[in-house]
Amino acid sequence: MSLFLILIFTSLCFADEQLDLIEVNATKKIEALTFTQTEYLSSEELEASPVPLASQVLERVPGLVSSQNGGPGGRTTFFIRGTEARHVSFTLDGLKLNDSSNTDRQFDAAFLTLTALEDVRIHKGPQAVLYGSDAMGGHIEMRTRKGSDKPEKKLTLSGGSFGTAGASYRHDWKKGTLSIVRQRTDGISRFNKKRFDASERDGSEITQLTSSSTHELSDKIQTDLLASFIEGRNELDLTSDSTNERGRNYQYLLQQKTSYRHSKTSAFSLRNGLNRNDRMTKSDFSTLRFSGNLIQNELLWEIGNKEKRVVSGLSLEEEALTLSEKKAFTLTSAFVQGFLTDGKFSFQGGVRADRHSRYGNFITGGTGVEMNVPSGIWAFQYARGFKSPSLYQLYGPPFTGYPIVGNRDLSPESNQSYEASWKKRFGDWEFANVAFQNRLSNLIIFTDLGGYRNQGRFIAEGIEPSFKWMKNNLEVRGNFTHQRFREQERKVLRRPYNMAQLNGTLFIRDMHELYIKGRWFDSRKDEYSQKIIKLNSFETFDLGGVYRKDKHELSLQLNNIFDRDFEELYGFSVMPRSVFGAWSVKF
């Protein structure tokens, strides 16, 4: 009841004011509603990548820690600010991509391509009010292209080391885009030579077909349609280099969103979406199949302008997993997020009420204040969230070597987050710093003999200073992340204590560019055969460039130029020195 009183009160606050015209769409704009630190990848940056894989671009985002099981096609996940990979949510045009067929409802970015994307935003820190329980650690928001004012067609041919070859075609019309991507590689050995003396290459293939369009039914009504099919095939080698396991992953995305601008100050949007995943792992002796469905229905209402804004909504999600039998639960939610500013002081706050068909009611929320003063822009935020166990964690069947997997007595995980940030511009320089703390409890862990159970607890805290300098045609960006873990019941795995990035880009005549990207990661820990293993620190450097003339574009990238041999995960290979290129033409 209190949530609906807040909605009524906020609408009355705006009732008699003359506000600027808002967009037809009611959307969950994280940057406009919170003070979250956001990394932005533009369409130009995405198109400059000679390898059209989202994972290749995301792994180079400052503060984002990637983890890949072997080379291309291996399972790829991301960590933000010390939280688990399953605490990061992904959306495409607002449609949740997190995989219901996955063991812990992570999104596997291994097979998602870039051709259909307009931009990507990486929001660091909890976004549980707007995006629900999968966003305890952060949210990665991707938007598709929806046409161009100048309709065009684009053909791209790409290739490079280890038998990598691909082609993509994109057709933009004024209000829509159709794209198809085909990518394959002979790959590298999934297991590394250091631990397993492995040498057999494990290849992968990707096919993605996407259509995204906008249809204006009137000056007040607009409909957006999204349909995408992704097929990924890979060689797995689950137990040794000589085995012959193969994986096949199908993902189907379908969404319809209708928006209605009610007045100059308010708009409504109704979104209905489906995210279906079908996975199969096949060996010479057995075949395992997993099928997961996520049906999403959401009604949004947005009211306000740049100075005052409120977004509220109702959502209903049904998640299903089919193993030997179908298991499902539903999540019903109501939420509101508000923002208010007078130019010097800004305030944000939100609350979300969830009703889980298995676990009952949960209340999450957050609040924050920002001050724009001569010493810089200062912000302080607090948020809390929860994440329910996945269906696999609850009902997963035992496998050979694992007598117990699922646990029907699991409880939801929870998190409390504190954040303080500062940013300031001095001439050609921009500086920023963020201090954060995530207090995670009731975490779900997996053991060989006990399966899934609640045991974990730890505090992840740290700082993230960064800078940007731009003079004439030269841009330099730097970022450093220090994090530590306290009160941990188990060792925190696969997350380094320190990492840094330094990128330099030279823009030539506004058309061409040369860049160098350097990354350094401190040592981290992993687990193998119930033993904690220390993985050594490492650094890598990439060189690249883009040449554009008329309707042609040529991109070239040399990765890991010093051929560093390192591990993100114990026993798995990483890409050695490699070169990739792409040529595209618009017509």
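Which strand gives the largest share of the lining of the second largest cavity? Here are some notes on this predicted model, with the reply in point 4.

1. Let me start with the cavities overall. Searching the whole structure turns up nine of them at 30 Å³ or more.

2. The largest cavity has a volume of about 370 Å³. Its lining is made of 30 residues, and those nearest the centre are Gln56, Glu59, Arg60, Gln68 and Met575. Four strands each supply at least two lining residues: S10 (176-185), S11 (204-216), S30 (538-549) and S32 (578-586). Sorted by class, this lining has 13 polar, 11 nonpolar and six charged residues.

3. Next comes the second largest cavity, with a volume of about 310 Å³. Of its 25 lining residues, Glu47, Thr115, Lys154, Thr156 and Ser168 are the closest to the centre. Two or more residues come from each of helix H3 (43-47) and strands S8 (152-160), S9 (164-173), S10, S31 (552-559) and S32.

4. Now back to the opening question: strand S9 gives the largest share of that lining, with five residues. By class, the lining of the second largest cavity divides into 10 nonpolar, nine polar and six charged residues.

5. Finally, a look at one residue, Leu254, which you will find in strand S13 (residues 246-261). Setting aside neighbours within four places in sequence, Leu254 contacts Leu95, Leu226, Ala227, Asn272, Gly273 and Leu274. Arg577, by contrast, is 323 residues from Leu254 in sequence, and their C-alpha atoms are 38 Å apart in space.

Terms used:
Residues numbered from 1 in each chain as written. Predicted model: local features only at pLDDT ≥ 70, side-chain atom pairs only at ≥ 80, totals over all residues. Heavy atoms only, no water. Contact = heavy atoms within 4.5 Å. 1 Å grid on protein atoms, 1.4 Å probe; cavity = no way out; pocket = protein on both sides within 12 Å on 5 of 7 lines; lining within 4 Å. Points joined across faces, edges and corners; volume = space filled by probe spheres on them. Nonpolar A, V, L, I, M, F, W, Y, C, P; charged D, E, K, R; others polar.
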